Amino acid sequence: MMTSEQYIESLRGLNMKLYKFGEIVENIVDDPIVRPSLNSFAKTYELAQDPQYEDLMTATSNLTGKKINRFTHLHQSTDDLIKKVKMQRLLGQKTAACFQRCVGMDAANAVYSSTYETDEACGTKYHENFVKFWTKVQDEDLAVDGAMTDVKGDRGLSPSKQADPDLFLHVVERTPEGVYVTGAKAHQTGYLNSHYVLVMPTISMRPGDEDYAISFACPTDAEGITLILGRQSCDTRKTEQFNNIDVGNKTYGGHEVLVIFDHVFIPNDMIFLNGEVQFAGMIVERFAGYHRQSYGGCKVGVGDVLIGATQLAVEMAGCAKASHVKDKIIEMNHLNETLYACGIACSSQGAPTKAGNYLIDLLLANVCKQNVTRFPYDIARLAQDLAGGLMVTQPSEADYRNPATHDYIEKYLKGVDSVPTEQRMRVLRLVENMTMGTAAVGYLPESMHGAGSPQAQRIMISRQANMEQKKALAKVIAHLDEVK
Ligand code: SF4
Ligand code: FE
């Protein structure tokens with residue numbers, strides 16, 4: 001396994017073409033806007049080296065028998081699925097941000113089992129291709145981004161019916177050696193911190209969509225790929241002269257990019273689906289299921305930090321003993337632990353796929369994510385309620401450092417006398433960061449839309465709810481058979 005230092009150095013060798021705020025970025029690794037996201041990702045390497053987290057952070061590979069980082073593991077039991085969620089909660093607690101590496105893990109587990117079943121039905125060799133690629137990922141402890149979401153254009157039209165054929169990523173040229181692809185993947189978390197990208201189709205497909213039913217992996221800096229960084233609220237605070245207090249979380253963060261593939265070559269042995277439209281939906285459903293499970297871990301860990309910051313804020317203001325304050329903190333914990341319960345539940349009810357790796361219970365994973373689209377918003381609302389208005393009206397760090405205003409701020413922003421004013425300012429900025437700043441991207445809108453928007457889970461819940469069985473139960477209890 002790589003150390004976090006080796007991992008960071010390994011990224012310096014990549015040659016990605018990234019645009020940010022209208023300019024090309026020459027040094028992505030040290031860029032002040034991107035770097036906090038790299039620090040979060042690197043934490044997945046750092047904690048794997050720490051003996052106290054060995055059981056959670058590492059696993060034994062079913063492909064090679066070697067000890068590997070759990071973020072590259074193909075889950076072999078329900079215990080593995082549970083440890084995955086616990087590992088994600090731990091990382092959320094340590095970073096208070098999206099640490100990004102789960103997307104590749106979830107994509108790998110979905111593609112591993114789907115390629116097996118595609119080969120079984122179609123006589124293809126995709127599983128062999130994927131096992132070869134993933135063995136390299138495990139052996140070299142590589143970072144892999146999973147890419148599913150196409151930009152989609154007109155939502156009412158299928159991929160092959162779009163006015164612009166590139167609105168879903170597709171094959172534009174076929175040669176004996178491989179294919180060329182064109183299109184874009186949106187909202188890509190962690191791409192800039194990854195060595196490879198594992199691309200999957202974004203929706204179920206029908207005959208006619210063959211060129212769009214494509215899954216493959218390629219280096220993140222492959223020829224023909226252009227990246228454009230997404231903006232986050234308050235992002236430029238990271239580049240200000242005084243950037244200790246106002247950023248809220250100065251070490252960790254996340255990022256998203258728009259990834260544009262312009263005639264990118266993919267060799268045959270890196271292809272995992274190529275035209276078998278009936279299997280596109282299986283990859284989508286399994287990846288989404290795994291990532292919906294993931295949110296029952298990562299968002300809970302981030303929630304732990306937000307609840308802790310809120311408790312500190314009320315203690316620093318001297319109101320922690322008020323009964324309504326205590327009750328609101330209880331409510332925050334109740335909501336957060338409910339999400340965790342869902343993450344653990346869908347893991348404990350997992351089952352093996354035909355390929356042998358374990359899949360979560362899809363109904364419970366979708367219930368988990370449906371709750372994630374709501375509860376972090378309630379937790380953030382309560383955090384803002386308890387933190388008070390000073391969270392958004394306190395002066396800047398530049399004014400705090402200016403001798404002309406420092407003493408006034410020190411005096412008038414004081415809460416409980418024993419707590420230094422600057423500590424109180426830092427805690428309030430952390431709440432601001434997590435509920436409306438850069439980290440809120442990961443904690444709120446990503447909770448809404450990441451791993452699929454709420455309606456996607458409701459469709460899955462309706463499909464998995466087994467209504468016939470429920471009706472049959474009611475018929476027996478009501479003795480409907482006695483009425484002719
Ligand atoms: Fe991992 Fe959560 Fe980020 Fe997804 S949103 S990559 S599960 S930390
Ligand atoms: Fe996500």
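Mentor: Helices (H or I, at least four residues) and strands (E, at least two) are DSSP runs, numbered from the N terminus. This is a predicted model, in which local features need pLDDT of at least 70 and side-chain atom pairs count only at pLDDT 80 or more, while totals for chains, interfaces and linings use all residues. Residues are numbered from 1 along each chain as its sequence is written, ligands are numbered from 1 in the order in which they are written, and side-chain values use heavy atoms, with hydrogens and water left out.

Trainee: Which helix gives the most to the shell around ligand 1?
Mentor: That is α7, with five residues; a residue is near a molecule if one of its heavy atoms lies within 4 Å of it, and the residues around ligand 1 include H291, S294, Y295, C298 and K299. Both α5 (102-122) and α7 (280-317) supply at least two residues of this shell.

Trainee: How do you know which residues of the shell around ligand 1 are nonpolar, polar or charged?
Mentor: Ala, Val, Leu, Ile, Met, Phe, Trp, Tyr, Cys and Pro count as nonpolar, Asp, Glu, Lys and Arg as charged, and the others, Gly among them, as polar, and by that rule the shell divides into six nonpolar, three polar and two charged residues.

Trainee: What makes Y295 and E446 donors to the iron ion?
Mentor: Donors are N, O and S atoms within 2.8 Å of the metal (3.2 Å for Na, K and Ca), and water is not among the atoms, so sites may look incomplete. Y295 (OH) and E446 (OE) coordinate the iron ion, ligand 2, at 2.3 Å, and therefore meet the 2.8 Å limit. The pair links distant parts of the chain, with Y295 in helix α7 and E446 in helix α16 (residues 445-449), 151 residues apart.

Trainee: Why is D246 called buried?
Mentor: Buried means under 20% relative accessible area, exposed over 50%, and partly exposed in between (1.4 Å probe, protein chains only); D246 has 7%, so it counts as buried. D246 lies in the loop between β10 (225-229) and β11 (256-267).

Trainee: And why is T338 called partly exposed?
Mentor: T338, in helix α8 (residues 323-348), has a relative accessibility of 24%, and therefore counts as partly exposed.

Trainee: What makes the phi of F21 worth a remark?
Mentor: Most residues other than glycine have a negative phi. F21 is not a glycine, yet its phi is positive, about 50°. F21 lies in the loop between β1 (18-20) and β2 (23-24), and at 42% relative accessibility F21 counts as partly exposed.
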